[in-house]
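Dear colleague,

Please find below the structure for your review. A short account of the findings follows it.

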Amino acid sequence: MITTLTGSNGFLLKAEMKRLVDLFVNEFSDLGLDRIDGEEAEYDRIRESLESFPFLVSKKLVVLRAPSTNKEFVEKIEQLLGALPETTDVILHEPKLDKRSSYYKYLKKNSEFSEFNELDNFELTKWVTERANISQSDAKYLIERVGNNQQLLSNEVAKLVTYNPKVSRESIDLLSEPNPQSTIFELLDSAFAGDLKKMMRLYDEQRASKVEPQQIVALLAWQLHVLAVIKSAGDRADSQIATEAKINPYVVNKSRKISQKLTLQKLKILIHDLVDIDIKLKTTAIDGDDAVQNYLLKI
């Protein structure tokens, strides 16, 4: 059997890889397991592993990470995989594949093909609630607080459940640290909403956490980039925007609310003013806190 695992969701891809390898090892032992890094291995090393028969076991599993980086492997893919011994299974771990390539089309047609993409807002919330005794609203709060990285969320959920099987907002506040990017989103959101008290509290929290004004400018720049992508996308669906712009669907969905409060002209002004602050922070002796806070107040 030939299996292809691909997609931008590294957490789910890694989990599926572990599941498949564990199934094989449990049945045939690790004597039949061969892992090869396609970025480092020579073509002959890959070919030899695919063509050889298992030793001391009845089945062999070859796990190839990013073999598409090996030009000769890609050129001879049909010859290699078409002549696999019946005793050999192959897993191709390809995080990034060009869907226009003949290599992609061959794998799509001739392998068990699984693509793992980033989860959107609804899917991510559902994923958290399935892993803990937590309400949907508190699951959303946890995601907004620590960010949408699934590996980090998995770690945080495990920690929270160990502390108390019933996860609450209080335990989330007690045991988790706010993600700077999530806080910057809240910072912008409160600025656009005119909630100056919350805006200044969030800014002070960032500074208390040793996040420098220059770092806050960089985080704001990323958020404005996302907003610019959304504003320029017209009536495209969030999922399409996320795929084409390579932005996490959760981030696109979350930023949609702010984008609706902005005209494209206003967004251009905000970007221009932030660039001006960035240049001055790098070339003059201006007070970074004053510059960034005044910027937020203008919003």
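Are Tyr 104 and Phe 113 buried or exposed? In this predicted model, both Tyr 104 and Phe 113 are buried.

Aromatic pairs

Across the whole structure, a search finds four aromatic pairs. One of them joins Phe 11 and Trp 127, in an edge-to-face arrangement with 5.4 Å centre to centre and 85° between the planes. Phe 11 belongs to helix α1 (residues 10-28) and Trp 127 to helix α6 (residues 121-129), so this pair ties together parts that are 116 residues apart in sequence. Phe 11 and Trp 127 are buried. The pair of Tyr 104 and Phe 113 is edge-to-face because the ring centres are 5.4 Å apart and the planes stand at 85°.

A charge over a ring

At Tyr 141, the ring has the charged end of Arg 169 sitting over it, 4.3 Å from the ring centre.

Helix α12

The buried residues of α12 are Pro 213, Ile 216, Val 217, Leu 219, Leu 220, Gln 223, Leu 224, Val 226, Leu 227 and Ile 230. These buried residues pack against α10 (180-192), α11 (196-208), α13 (238-245), α14 (249-259), α15 (264-283) and α16 (288-298). After α12 comes Gly 234, with a positive phi near 65°.

With kind regards

How values were computed
Residues numbered from 1 in each chain as written. Predicted model: local features only at pLDDT ≥ 70, side-chain atom pairs only at ≥ 80, totals over all residues. Heavy atoms only, no water. Buried < 20%, exposed > 50% of the residue type's maximum accessible area, 1.4 Å probe, protein only. Helix = DSSP H or I, 4+ residues; strand = E, 2+ residues; numbered from the N terminus. Contact = heavy atoms within 4.5 Å. Phe/Tyr/Trp six-rings, centres within 6.5 Å; stacked < 30°, edge-to-face > 60°. Lys NZ or Arg CZ within 6 Å of the ring centre and 35° of its normal.
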